[in-house]
Amino acid sequence: MTRDVIVVGAGPVGLMMAGELRLGGVDVVVYEKLPVPPRESRGASFTRRTAECFDQRGLLGRLGETEPADSHFGGIPIDLSMFEEDHFGARGISQFRTERMLEGWATELGVPVRRGYEVTGFRETPDGVVVVFDGPDGRGDDTARYLVGCDGGRSAIRKLAGVAFPGPEPTRGFYTADVTGIDTRKRRIGENLPGGSMVMAMDLENGVTRVVVHERGMPPRDRDSLTYTELADAWQRLTGESIHHGQCRWINCFTDASRVAAEYRRGRVFLAGDATHVQPPAMAQGLSVGVQDAVNLGWKLAATINGWAPDGLLDTYHAERHPIGQQLARNARAAIELRLTGEEMDPIRSVMGELVAYKDAAGHLAGMLSGLGIRYDMGRGEHPLLGLRMPPDRELARPDGRTTVAELLRAARGVLIITSGSGAAGPLAEAWADRIEVITGTWAPGLDPALDAVLIRPDGYVAWTSPGSDGDLAGAFGRWFGTARTTVTAQPASR
């Protein structure tokens with residue numbers, strides 16, 4: 001039997017991808033080479049936009065209490081309290097906790113997660129992809145219409161597909177560990193030390209502290225030979241504090257390498273998350289950007305499988321997300337140089353510190369780091385929200401009570417919100433009723449400039465506004481939601 005999609009990798013990105021596809025009615029399975037979920041917490045925080053992505057699927061509350069994460073660029077703090085909009089991410093959340101939440105959601109939706117299955121090869125056919133794996137019962141194969149590699153920075157799918165992964169070679173090494181039984185001073189955004197060294201200490205949960213060390217001149221090294229004693233020795237040399245008595249639960253090392261896949265799609269094979277972009281965890285971006293990759297691709301792939309996707313919709317995945325990956329790599333390299341270059345960088349650090357005191361400059365950095373500044377091409381128009389995500393906490397008063405934009409996106413369908421002055425929009429949308437929800441109501445006070453109507457994609461991004469968009473609503477429907485079920489009459493532009 002040919003299924004719709006095979007996802008490789010049961011980390012946060014693969015599980016989010018599978019859930020998004022299943023919301024779209026897709027038959028999807030996840031293959032994961034590890035026999036049991038890992039307990040380590042590679043990712044320990046996520047950005048504001050990723051928190052919103054979880055929230056618009058009803059998932060954020062499943063994580064329980066979270067703490068706001070401070071923002072910085074290369075160790076230079078950004079005061080997020082100066083903005084009306086909430087740019088704070090969430091910190092202290094172990095990756096295990098996030099994966100457990102996402103796997104619970106995916107399995108509730110009916111997604112099988114097959115652990116202990118390592119994908120070793122695949123071949124494309126005219127109608128699909130045949131995947132070869134080694135599993136608990138030996139070698140086997142499975143067939144799907146599409147394959148999505150969410151299998152990390154050393155992605156087997158990327159390598160098997162022959163997708164280039166360019167980027168500079170690493171020059172610096174970092175040690176990191178999760179430790180219990182220590183009471184070191186917390187350095188949540190890291191502490192720059194003289195000469196280009198740095199240390200970081202951040203609370204996770206259950207008494208675990210995440211520590212990170214870079215000592216000037218520390219080269220990249222083999223993670224398998226790293227010992228906790230080496231890390232504790234480096235920590236003591238740099239801080240004067242001993243953490244040798246701590247109990248190490250997990251230890252790893254990483255480098256300053258930043259790479260971006262040349263292609264996010266090749267034929268019927270897609271890549272997402274660390275399979276497309278790797279960078280040092282200087283700004284806690286990797287997991288977050290990967291989850292947003294999944295939210296961007298999931299509905300588009302589901303639309304294609306369900307037969308209503310317009311021509312070129314799948315190509316917008318690379319067009320929209322590859323620039324984000326490139327920006328991520330550039331920002332990571334800049335932040336590392338800013339943080340770890342020696343005293344010769346002090347004049348630039350001083351200038352940067354002055355610049356981030358200005359709201360416009362700080363807002364630009366905060367938008368990149370939080371993900372709230374991402375704007376996709378939705379055509380010409382003047383409304384400031386066009387191409388940005390629709391603020392998910394925006395409230396709408398309806399006859400049956402108030403609701404938020406996030407609540408309207410739970411089903412991962414397009415949403416057309418009509419409040420006033422767009423009487424023809426509702427009847428027009430009936431021709432796309434199988435893929436778009438039409439919601440009427442009145443905006444709660446505070447939406448400025450006003451919107452009479454807004455079309456929101458399943459990933460939460462604003463595709464059309466009235467007033468504001470130059471193009472008509474029928475054109476926006478066709479661009480993102482395909483051909484109408486019945487013939488429609490073109491409407492005037494939203495002006």
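How do the residues of the lining of the second largest cavity divide into nonpolar, polar and charged? They divide into four nonpolar, two polar and three charged, where Ala, Val, Leu, Ile, Met, Phe, Trp, Tyr, Cys and Pro count as nonpolar, Asp, Glu, Lys and Arg as charged, and the others, Gly among them, as polar.

The model is predicted: local features need pLDDT of at least 70 and side-chain atom pairs pLDDT 80 or more, while totals for chains, interfaces and linings use all residues. Numbering runs from 1 along each chain as its sequence is written, and side-chain values use heavy atoms, without hydrogens and water.

Select Arg-49, Cys-53, Gln-292, Val-295, Asn-296, Arg-321, Tyr-376, Asp-459 and Tyr-461, which line this cavity. On a 1 Å grid over the protein atoms alone, a cavity is a set of points where a 1.4 Å probe fits but cannot get out; a pocket is an open set with protein on both sides within 12 Å along at least five of seven lines; lining residues have an atom within 4 Å of a point. The second largest cavity holds about 40 Å³, a volume being the space filled by probe spheres set on points joined across faces, edges and corners.

Next, select Gln-285, Val-289, Ile-324, Gln-327 and Met-368, which lie nearest the centre of the largest cavity, lined by 14 residues. Its lining has seven nonpolar, seven polar and no charged residues.

Finally, select Glu-85, Leu-372, Arg-389, Pro-391 and Arg-394, nearest the centre of the second largest pocket. This pocket has a volume of about 730 Å³, and its lining has 13 nonpolar, seven polar and 14 charged residues.
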